[in-house]
Amino acid sequence: MSEHPLRDRIAVAAALVGPLLVALALVPFRDSLSNTNMALILVVVIVAVAANGNRLAGALTALSAAAWFDFFLTRPYQSFTINQSEDVETATLLLAVGLAVSQLAARARRLQVVAVTDAEYLTRIHDTAQLAQSTTSADAVVDHVKRQLTELLQLRGCRFEYGSLLGHPPRLEQDGSVTTGRRQWDVDQRGWPQDEIELRAMGNGRYQGRFMLTPSPGARPTLQARLVAVTLADQAGAALDTAEPGTPQE
């Protein structure tokens, strides 16, 4: 927090107050809006705070949003008790998606780009978090992320390698850049490299495997799309870290 102390202090204050004010504003609409839609509105608040603060502010906003979602927007109201299992799931997903998106927004801030608020991107992150919460199969999460990456990055194909690091292919890095050898590749100007591109999946700081991306000729996915791709790969890595994978996919 040393580089932007005032900005970060304001962001922390917003993390504590912002979700509360938005949750209060949603109270008159809680009978007409679905809990999922109200949760996604709170995710936008998390993105806004994290983009202008840091990871701490984003994480605090996610916790605050989950707490006030529980207190004001789920039955019984004005209570931190949830009676319905689907509301428990939605609150848990709000926290999980909020933490993932806050990491994404923090990456975006470091690169001085606009935070990702596109509904399609948020839906992809939400759906992946929901699957990870509802399944005991890490392979199912990996297969889901492969499909998401293929659509998101305009790929011809995508496969996953469990635990191997053979060769030195071009790599999609955590900050959304692409490197070939020791040089950075300008995707915006040149499109993807011609070779398969490596996207590593990390879980709890440990390497779990890598997605191998086969690019389509002429495709130039935006930096925002690439940052979302990194977040999806991290979600798959987290699933692999907590569940025993089955037979590796070919």
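Is Arg124 buried or exposed? At 9% relative accessibility, Arg124 counts as buried, where buried means under 20% relative accessible area, exposed means over 50%, and partly exposed lies in between (1.4 Å probe, protein chains only). The model is a predicted one, in which local features need pLDDT of at least 70 and side-chain atom pairs count only at pLDDT 80 or more, while totals for chains, interfaces and linings use all residues. Residues are numbered from 1 along each chain as its sequence is written, and side-chain values use heavy atoms, with hydrogens and water left out.

The protein has eight helices and six strands, which are DSSP runs numbered from the N terminus (helices H or I, at least four residues; strands E, at least two). Read from the N terminus, the order of elements is α-α-α-α-α-α-β-β-β-β-α-β-β-α. Of the 250 residues, 49% are buried. Contact here means heavy atoms within 4.5 Å; among the contacts with a separation of 6 or more, 71% are between residues 24 or more positions apart. The accessible surface comes to about 12,200 Å², with 53% of it belonging to carbon and sulfur atoms; such areas come from the Shrake-Rupley method with a 1.4 Å probe, and for residues only the protein chains shown count as cover.

Back to Arg124, which is part of helix H5 (residues 119-134). Its side chain makes a polar contact of 2.7 Å with the side chain of Glu120, a polar contact being a pair of N or O atoms within 3.5 Å; within protein, one must be able to donate a hydrogen and the other to accept it, and residues adjacent in sequence count only if both atoms are side-chain atoms. The two side chains also meet in a salt bridge (2.7 Å, N to O), defined as a side-chain nitrogen of Lys or Arg within 4 Å of a carboxyl oxygen of Asp or Glu. Both residues lie in H5, four residues apart, or about one turn of the helix. Glu120, with a relative accessible area of 43%, is partly exposed. Leaving aside residues up to four places away in sequence, Arg124 touches Gln148, Glu151, Leu152 and Leu232.

The structure holds 13 salt bridges. In helix H6 (residues 138-152), Lys146 and Asp143 sit three residues apart, about one turn of the helix, and their closest N and O atoms are 3.4 Å apart in a salt bridge. Lys146 is buried at 12% relative accessible area, whereas Asp143 is partly exposed at 22%. Another salt bridge joins the side chains of Arg206 and Asp241 (2.5 Å, N to O). This pair links distant parts of the chain, with Arg206 in strand S6 and Asp241 in helix H8, 35 residues apart. Arg206 counts as partly exposed at 45% relative accessibility, and Asp241 counts as partly exposed at 25%. Salt bridges that share partners also join Arg159, Glu161, Arg171, Glu173, Glu196, Glu198, Arg200 and Arg210 into one network.

Strand S6 (residues 206-215) runs antiparallel to S5, joined by seven bridges; two strands pair if DSSP finds at least two bridges between them. Eight of the ten residues of S6 are buried, so this strand is largely enclosed by the rest of the structure. Strand S5 (residues 197-203) is likewise largely enclosed, because five of its seven residues are buried. Along this pairing, Met202 has Tyr207 as its bridge partner in S6, and Leu199 has Phe211. In the hairpin of S5 and S6, with two residues between the strands, Asn204 takes a positive phi near 55 degrees. Strand S1 (residues 155-162) also pairs with S6 in the antiparallel sense, over seven bridges, and Gly157 stands opposite Thr214 in S6.

Within S6 lies Arg210, which counts as buried at 2% relative accessibility. A polar atom of its side chain lies 2.9 Å from the backbone oxygen of Leu166, and the side chain makes a polar contact with that of Glu198 (2.5 Å). Beyond residues up to four places away in sequence, Arg210 touches several others, including Arg159, Phe160, Pro169 and Ala201.

In helix H8 (residues 223-242) is Gln235, buried with a relative accessible area of 11%. Gln235 and Val141 are 94 residues apart in sequence and 8.3 Å apart in space, C-alpha to C-alpha.
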